[in-house]
Each structure stands twice: as structure tokens, then as C-alpha cells.
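These are my notebook entries on a structure that is new to me. The sequence and the model come first, and the entries follow.

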Amino acid sequence: MTVITMAPGYRRSRFALALPISLLLVCILTVLHLGIGARTIGPQTVIQALFHFDVKNFDHRIIVSLRLLRLTAALLVGAALGIAGVLLQALIRNPLGEPHILGLNAGAAFAVVVCTALGITSASQSLIAAGGAAALFSLVITLSSAGRGGLTPLKVMLCGVALSAMVSSLTAAILILDEQTLLAMRTWLVGDLAGIRWEMVHHALIPLVVGLVLAISIAPSMNILALGDNMARGLGVNLLRIRLIAMVAIALLCGVAVSIAGPLGFIGLLIPNIIRRLVTDDIRLMLPLAALLGASVLLLADIIARLLLAPQELATGIMTALIGAPVFVFIASRFLK
């Protein structure tokens, strides 16, 4: 992955402008998201419901009792996928790196489907999903490291796509053979924010916080890692330790996202490339922007999914794929020239 070098002052001035803009975008989309549904509610009423809740007001009750959960899930999942994408692209030094493409989402979904089919119910579904993501990504890295030339960005991409397709086929086979599991999970497997329960969000909070703390703690070392293994080793970075921590953080963040909303794709691809091109390549500054922009993109995709065929709703994952697939083709055409 090509490292874009910017003067520190230039990076920070752009970051100082991008951060409040990103925060404002999240706030605007939050109000719009809460106002959209079978009953349209105006922005002023939405703001009143959030800051001056009146239990006697029917619109207020709709927002707080029904729509606030979907909003919370979108914010958490979008932020988790955005940060996971930043870490993943830095780890494999490839701007095409993305949890959905490299098999992390497929591994997480496979683990959840297997446990569901076996009747294993656990409050820690996010940890099960994280374990599946970590296992498949570890296999991708192991296979990519074998053979002549060792690990390269292109080999990681090809192995990720191949293993993702294989595991997705196994998941489909389980669902075909187990109709009950298929009925329970068919919408979730597309990636959707509908039908979420507060318990799912509560159980995902601890893995999410751990993933965020790990990401923040290794951000300075990830910047050094971008200079190359020899340079990083010379500057005292423990390459194995940093890579293992990064893999754990990525797995936790992807596991949280998949356990809540299913395997949503392309957010982790889109967000880091936008930030890197428009703002900065400093991992420390990219992380908060990735959280805000990831949440914004998922909120926007969910708004479009609910409006496009209203009163019917499309699955949110359909919209993220429609938005992300052309972006992936564009980036790939430039990166693989």
C-alpha cells in the first residue's frame, strides 16, 4: 500500500476541519434516521424527544421505544466496521483490504450459523462471531505467507476471496439442510438492522470497547509499521506482538458488527480510502474519523433502504453492497494497474 506523506501541520489542520464536519454529518443523519418510518416525524419533534422526552407524546414514544434501538445499532456497527477497515488495510498494506472481502465477515457468520444449527445459544454471540472471524483471517494470513515470495498484498486478497467463497458455500449448505435455521437467519445473513434487540447491543458492548482500546493502543506502532518491517524493527517495534493485537482488535470489531447486523460489506473498504485520500494517513487521526464516517455511511445506507421502496424496506446490506461494489472496482482498477 502506498504511503501518502503529509507534513504533520497539514495533516492536523485537515483533521481539525474534518472532525467537526464528520460529527455534524452524524448528527444530521441521526435526526433524519429517527424521523423516517411508517410514520414520518419532523426533525423538531425528533430533537424534542431526545432532549425533552414526554411520555404522553405518541411521536416521542415511537422514537424512544422503537427507533432509538435501530439508530444505536447503526452507530455501533458503522463505527466498528470503519475502524476495522483502517486497521486491516494498515496491517496488510493494501487499500483493497476489507473485512467482507478478506473473509472475516464470512468466518463470523459461519460460526454463528453453526452454533445456531447445533442449538448452542449464548449471550456472547459477538465473541462467537469474533472467534470465527479470527480463525478464518488467521488461515488467510497463513496460506498467504506460504510459497515463493512470502506474504504479499495480492496473495492476501486472493486467498481471502477464495476462502470467503468456500466458507460462504458451507454456510449456505448448512442453511439448505436446516430449514429452521434458514428461516431464523435468512434476513440476518444479508445484513440488516431490523429485528435487533437491546440484549444483542448490550452483549456486544464489552467486545466493542476492548477492540477500540486495542486499536487506540497500537495506532502509533501501526504508523511505524507502514514504513516497512526492517524500519519498524529498527525502531524497536515488536512486529509479531503488534500484528497479533491488530488481528484480535479486528476480529472483535468485526464480530460485534456481524453479531448485531449480520455480514455487512464494503464499509470497511470505503471509509479508510476516503480518509486517506482527503484528510490524513496517520492511523491515530484516522480512527476517530473512521468511527464517525462509518456510522454516517451506514445510517445513510439504512435511510435509503427504508425509503427506496417505501412502505417496504430493503435489507441494509443490499444498499451497502450497491454503494460499495462500484467503489471497490474503482479502487481495484487504480491499485492493480
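Is Arg243 buried, exposed or partly exposed? I looked up its relative accessible area, which is 25%, so Arg243 is partly exposed; buried means under 20%, exposed over 50%, and partly exposed in between, with a 1.4 Å probe and protein chains only.

**Entry: basis of the values.** I noted that this is a predicted model, in which local features need pLDDT of at least 70 and side-chain atom pairs count only at pLDDT 80 or more, while totals for chains, interfaces and linings use all residues. Residues are numbered from 1 along each chain as its sequence is written, and side-chain values use heavy atoms, with hydrogens and water left out.

**Entry: salt bridges.** I searched the whole structure and found seven salt bridges, each a side-chain nitrogen of Lys or Arg within 4 Å of a carboxyl oxygen of Asp or Glu. One of them joins Arg243 to Asp229, with the closest N and O atoms 2.7 Å apart. Arg243 lies in helix H10 (residues 239-261) and Asp229 in helix H9 (residues 229-234), so this pair ties together parts that are 14 residues apart in sequence. Helices here are DSSP runs of H or I with at least four residues, numbered from the N terminus. Asp229 is partly exposed, with a relative accessible area of 25%.

I then turned to Arg70, which forms a salt bridge with Glu313; their closest N and O atoms are 3.2 Å apart. Arg70 belongs to helix H3 and Glu313 to the loop between helix H12 (283-307) and helix H13 (316-335), so the pair ties together parts that are 243 residues apart in sequence. Arg70 is buried at 11% relative accessible area, whereas Glu313 is partly exposed at 42%.

A further salt bridge links Asp302 with Arg306, the closest N and O atoms being 3.8 Å apart. Both residues lie in helix H12, four residues apart, about one turn of the helix, and both are buried. I recorded that Arg70, Asp302, Arg306 and Glu313 are linked in a network of salt bridges.

**Entry: nonpolar core.** Which residues have the most contacts inside the largest nonpolar core? I found Leu87, Phe137 and Met222, in a core of 99 residues. Such a core is a set of buried Ala, Val, Leu, Ile, Met, Phe, Trp, Tyr and Cys residues joined through side-chain atoms within 4.5 Å. Helix H3 (residues 58-92) gives this core its largest share, 19 residues. Leaving out residues up to four places away in sequence, Leu87 touches Ala215, Ile218, Met222, Ala249, Ile250, Leu253 and Leu287, where contact means heavy atoms within 4.5 Å.

**Entry: helix H6.** I checked the length of helix H6 (residues 153-177): its 25 residues reach 36 Å from the first C-alpha to the last, close to the 36 Å expected at 1.5 Å a residue. The expected span is 1.5 Å times one less than the number of residues. Among the buried residues of H6 are Val156, Cys159, Gly160, Ser164 and Leu175.

**Entry: Gly42.** I located Gly42 in the loop between H1 and helix H2 (43-51). At 33% relative accessibility, Gly42 counts as partly exposed. The C-alpha atoms of Gly42 and Ser145 are separated by 54 Å, and these residues are 103 residues apart along the chain.

Definitions and conventions. Helix = DSSP H or I, 4+ residues; strand = E, 2+ residues; numbered from the N terminus.
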